[in-house]
Amino acid sequence: MADRPTFFPEGTLVSVLTTQPLDRTLDYRAPEGGVDDGAYVMVPLGPRQVIGVVWGVGQGGFDLSKARAINKVLPVAPMRQEMRDFLLRAGDYTLTPMAAMLRLATRAPGLTDQPSMQKVYRLGEETPDRMTDARTRVIAVLEEFGGLSFTLKELADNAGVSASVIKGLVAQQVVLEENTPRDLPYPRLDPDLPGKPLTASQSSAAAILRKGIRSGDYATTLLRGVTGSGKTEVYLEAVAACLAKGRQALVLLPEIALSAEFLTRVEKRFGARAAEWHSGVTMTERRRAWKMVGEGGAQLVVGARSALFLPFRDLGLIVVDEEHDSSYKQEDGVHYNARDMAVLRASIVGAQVVLASATPSLESWVNAQAGKYQRIDMTDRFGAAVLPDMQALDMRQEEMASGQWISPSLKAAVDARIAAGEQALLFLNRRGYAPVTICRACGDQIECPHCDARMVEHRFLKRLMCHQCGESIPLPEACPKCEVVGKLSAVGPGVERLTEEATTLFPDARIATLSSDLFASSRALKQAVETIANGGADIVVGTQLVAKGHNFPLLTLVGVIDADLGLHGSDMRAAEKTFQLMRQVAGRAGRADRPGEALLQTYQPEHPVIRAILSGEEEEFWNAEAESRAQAGMPPFGRMAGIILSAEKPEIAFAAGADLARNDGPLRRAGAVVYGPAAAPIARIRGWHRVRLLVKAPKGAPLQRAVSDWVNGVRLPKNLRLAIDIDPQSFY
Ligand SMILES: Nc1ncnc2c1ncn2[C@@H]1O[C@H](COP(=O)(O)OP(=O)(O)OP(=O)(O)O)[C@@H](O)[C@H]1O
Ligand SMILES: [Zn+2]
């Protein structure tokens, strides 16, 4: 490889990639003092100053006397070649313009500021002369964020108090005011502190992961362990080995705002807090994390999917916890799957990836089967805890009054648990209205005539629609299968309605409802989770929010209100997702010494997926699922891309969709087929009308190139938005 210059003396012509939506880099002259390749800079663009990165030698080819100079070099570490490669390859994969990739990689406020001092506030030792509500809130915020510093404004906003309340506490040294450089390195984590003594299966798993870290090469390992087996303890050993080697580690979690428990575990293990990166941390901390990751002042980052785009200096390990979780897929702006991008990034920098899950995604399972990923299995729960007993409650046998969803058998089971001083969880994965149409005569659910997909009721339109192909029919009177009239009905409780029912059935119980939309802040939600863990509720009514990774020691019964619900979702992953969610939520029961039980209310206990969930024959389930996907040419055995067109007028989106569908030459030449256009299941979002197309291609086909040629070959109107979703997970 030819040597590329890494430094450009003053006046040299350089290329700059900016965050502005242009389809090329721009030429500028290096400023006084020269500039490093990869440096983050401010450049003039028309009348404005915009952020950019020096992207190699200038292109030239124009009147060079007109070239403007870089305005300012930002005081942050230059972008490394490997980060540039990562952005290029991730952009190619997701068909995202580089400007948008760079925006993902520069999502930190105040990057353009010069290093300076600032006043920050943290908890002191003293107690106030008198307590007020406002003072209590300030202290609660400081305690909750465990030693992190706030600016005056951040602290005031978080606690909902005026600055004078804080100043009052400063005067009494309850709160300390300090002058610090704006971005301090994080306290050092000590990988040599002893971890918990591991069981035999945990230590052999940890040994395999440590060996990978020591190799210094790229590899991905699927760490499959039943709920409560101690996967976290095991991958923390990999983190320790990585830190001991002097490299950085990244742990990605779904629902990071709820992960206080995890952060505490990390702090206990390594003696200091990790850097955090998610929407719940302050702007001050975000900028600090971004800069320190680049300078090596942060050893471990715990974050949400976007942490993958932080400018790590020497990344040695990425853990993707609950790797099957759908929150890893970003579906607005840049459509990317953080799990897949983690593998890409690690392969570029020679890092290890650990995908941890009790119920892996089919994609990862297939990759492990194929030998692309290494696989570790942990089959037992830690300590005395045993996996919960799982049973179906056959709803055809239950006496159900209309408008009731808790069966007499489930009620009896809940009563018994409450009487024993234990907790019960009533699980219903439906926040708002998520319609399913069921025939109460035969138990059948209406399917699309053209697809292996269920039709979904769209109440506003009074129609049933297929989310795969766009087929739509008026809501019928009779069941298409058994032809009985008047028995079709939308199954429609949400968690709130369920709470109402529980309140009537269990008048003396303390009931907590957990659903993301019921809490104003992630802090309020976190508090509710803690209250439950400490025994502050007898019954928890919750959505999938409660299924993820929580330890509720008193919880011994999980009652799933509608195990059939996800099963009849309209996409190809319905079975897989139901299987994962049910096993996951059942895994909340009996995590301490008292054995747990999970009861699944279902109208079809014979359904193969329900049977697989109950039997726990996971290999069998995955084998069957893999085979049916392979036969249908569906991912991961075939490829898909979703195209979403949106416009303020539906005609415009439809016309563009029809235009694309007519001009499908580049797709056909690559062996791909396009379906649609069809109105999107959610046909209007924020005033924009949405139309979808779906591209299917065989596994080896050059999908990205074909889609890109296809889309670029059609002239689309200006007032149209086009989004491309490679490997779509949802089809709304
Ligand atoms: N070796 C160990 N020593 C002490 N406690 C342990 C050990 N291993 C696991 N535990 C405890 O068992 C519980 C479950 O462990 P952990 O949360 O790591 O499991 P997990 O496999 O990540 O679970 P899930 O997939 O359900 O989230 C935790 O409370 C953890 O502290
Ligand atoms: Zn269809």
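Trainee: Which helix gives the most to the shell around ligand 1?
Mentor: This is a predicted model, in which local features need pLDDT of at least 70, side-chain atom pairs count only at pLDDT 80 or more, and totals for chains, interfaces and linings use all residues. Residues are numbered from 1 along each chain as its sequence is written, while chains are lettered from A and ligands numbered from 1 in the order in which they are written. Helices are DSSP runs (H or I, at least four residues; strands are E, at least two), numbered from the N terminus. With three residues, the top contributor to the shell around ligand 1 is helix 7.

Trainee: Which residues come nearest to ligand 1?
Mentor: A residue counts as near if its C-beta atom, placed from the backbone, lies within 6 Å of the molecule. Of the 18 residues around ligand 1, those that come nearest are Lys196, Thr227, Gly230, Lys231 and Thr232.

Trainee: How do the axes of helix 6 and helix 7 run, roughly parallel or roughly antiparallel?
Mentor: Axes are lines fitted to C-alpha atoms, for helices over the stretch in contact, and angles run from 0 to 180 degrees between N-to-C directions. The axes of helix 6 (residues 200–215) and helix 7 (residues 231–244) come within 9 Å and cross at roughly 30°. Angles under 35 degrees count as roughly parallel, over 145 as roughly antiparallel, 65 to 115 as roughly perpendicular and the rest as oblique. Helix 6 is therefore, relative to helix 7, roughly parallel.
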